[in-house]
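Open the model in your viewer and keep the selection tool ready. We will go stop by stop.

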Amino acid sequence: MGLAIARGATTMLTKLSSSWNTHLTHQTQRPAYLLIADIIADGINSGEFQPRDRLPPLRDLAVSLSLNYTTVTRGYAEAKRRGLIDSRPGLGSFIRGKVPAVPLTGGSSYEMTMNSPIEPGEELAQAIRDGAVNMFAQKDIIHLLRYQDFGGTADDKVIAKVWLEKQLPPVSVEEVLITPGIHSALVGLLTLLCRRGGSVAVASLIYPGLKAIASQLNIPLQSLPCDEDGPLPRAFEHQCQTGNIGAFYVNPTLQNPTTLTIPLRRREALADVAERYSIPVIEDEAYAALATDHIASFSELIPQLTWYITGMSKCFGPGLRTAFVKGPGRRNTELLAGALRALNVMASPITNGLVAQWIQDGTADRVLDSIRAEAGIRQKLAAEILQPFTVRASKQGFHLWLLLPRHHNWNPAEVAVKLRELGVSAVSSAAFCTDNNPPDALRICLGGAWSRELCAENLQTISHVLQYPEHYHSILL
């Protein structure tokens with residue numbers, strides 16, 4: 001091992017010395033310490049220097065280049081400042097590698113924390129455009145610019161019913177509302193169900209948006225311990241017995257962030273508790289359309305208590321802010337309509353029209369099939385590249401739950417920041433945690449504007465960070 005390291009450092013010394021002599025013939029005015037950093041950058045960009053290549057000791061390089069020790073030290077410091085190399089006392093310095101570029105069109109810092117679906121290819125993009133053109137050609141555009149009945153027109157609700165019945169048994173249009181996104185539906189539901197006080201029972205890890213909504217509305221969240229099948233029914237019942245639970249929030253299919261799909265027996269047990277204590281259930285099925293194996297929903301098990309919500313953002317595109325709510329009966333649905341009308345006035349009639357067009361002409365189903373197919377390919381890539389590590393995933397979803405190796409003692413929040421700097425869409429477990437005890441884990445998004453090739457590169461970056469933590473010692477506690 002020692003001989004291999006020595007040979008590697010000697011090889012690097014030869015390469016650096018050769019490049020130094022070449023550069024001197026062209027750049028005699030450049031300060032020596034900057035030239036050292038330039039040579040390292042050129043070697044990385046050309047592929048001559050690879051991640052984990054060990055650099056020669058400072059004194060050896062100083063002798064080889066006929067420079068003083070301080071100049072070479074400044075050169076390594078400049079290379080480190082640029083993110084080209086890293087070093088640790090007793091281990092020396094080594095090539096850190098080329099940081100993947102983040103295209104401006106493909107990932108702002110905001111998108112890097114969002115769970116975006118895989119984007120459709122050009123063929124489907126053309127179908128989407130064609131559908132939009134057809135909608136505007138057929139609809140009265142002036143009418144779409146007017147105020148509409150809240151919850152969607154009768155025609156819009158018929159289309160919503162068609163989409164809902166892909167996951168549910170026959171639905172009455174009197175129980176259907178169209179809202180400007182799942183998030184707005186959740187704001188309305190928490191306002192309606194908890195306005196007289198009461199907490200919301202939730203899993204120990206949940207969609208961060210609900211945490212933000214509850215905080216804004218000053219509604220307490222009661223965290224339920226979970227096992228591999230989801231929230232524990234006994235813990236849920238214990239909370240119900242306190243008499244202070246106003247609702248139970250659950251994301252039962254391809255859960256964000258853990259990817260868990262709650263099995264039928266656990267759903268039945270939780271539904272039984274909710275029914276015995278008359279606890280309304282908010283069933284957030286943002287990802288349900290992606291799943292091909294049907295499991296009875298809470299809306300089927302206890303329809304008289306369940307608010308079923310699904311939408312287009314996770315199975316079409318996040319810019320399509322349209323959600324469908326199936327309420328527990330006409331009267332309750334009207335009550336929610338009143339709360340939502342005060343908060344949102346109405347969903348955009350133009351957006352509703354586009355959604356109706358794409359559902360009717362089959363484009364929505366084609367986009368959904370495309371997302372499923374590409375998700376399966378990317379999950380297979382993830383399973384292969386991250387094979388040495390503990391990962392929870394579903395082949396039908398476009399995110400995964402990565403458990404960090406315990407022996408590294410990393411802070412997940414700092415690891416997430418570092419990965420985002422390297423172009424990887426990662427979010428720390430703390431963002432999802434409701435019990436103040438976040439696990440050492442990250443949610444990794446495989447979707448968004450990234451190509452399959454860039455997705456694979458990002459997965460390789462994750463693997464490299466986890467396999468060679470000494471190169472990223474700054475993120476260790």
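A salt bridge here is a side-chain nitrogen of Lys or Arg within 4 Å of a carboxyl oxygen of Asp or Glu. This predicted model holds 14 of them.

**Stop 1: salt bridges**

Select E122 and R129. Their side chains meet in a salt bridge at 2.4 Å, N to O. E122 is exposed, at 54% relative accessibility. R129 is partly exposed, at 38%.

Now select E123 and R366. This salt bridge spans 3.7 Å, N to O. E123 sits in helix α5 (residues 122-138) and R366 in helix α15 (residues 363-385), so the pair ties together parts 243 residues apart in sequence.

Next, E175 and K326. Their salt bridge is 3.5 Å, N to O. E175 lies in the loop between α7 and β3, K326 in strand β11, 151 residues apart. Buried or exposed: which is E175? E175 is buried, because its relative accessible area of 17% falls under the 20% cut-off. K326 is buried too, at 8%.

Then pick E237, D272 and R276. Salt bridges with shared partners join them into one network.

**Stop 2: the cores**

Select W163, I282, I309, M312 and F324. They have the most contacts inside the largest nonpolar core, which has 67 residues. Helix α8 (residues 182-193) gives this core its largest share, seven residues. Center on F324. Beyond its sequence neighbours, its contacts include W163, L177, Y308 and V355. A second, separate core has 23 residues, among them L386, A416, L419 and L446.

**Stop 3: a hairpin**

Select residues 390-393 and 399-403. These are strands β12 and β13, paired antiparallel over four bridges. Five residues lie between them in the hairpin. Find R392: W401 in β13 stands opposite.

Conventions. Residues numbered from 1 in each chain as written. Predicted model: local features only at pLDDT ≥ 70, side-chain atom pairs only at ≥ 80, totals over all residues. Heavy atoms only, no water. Core = buried A, V, L, I, M, F, W, Y, C linked by side-chain atoms within 4.5 Å. Buried < 20%, exposed > 50% of the residue type's maximum accessible area, 1.4 Å probe, protein only. Helix = DSSP H or I, 4+ residues; strand = E, 2+ residues; numbered from the N terminus. Contact = heavy atoms within 4.5 Å. Pairing = 2+ DSSP bridges. Lists of a residue's contacts leave out its neighbours within four places in sequence.
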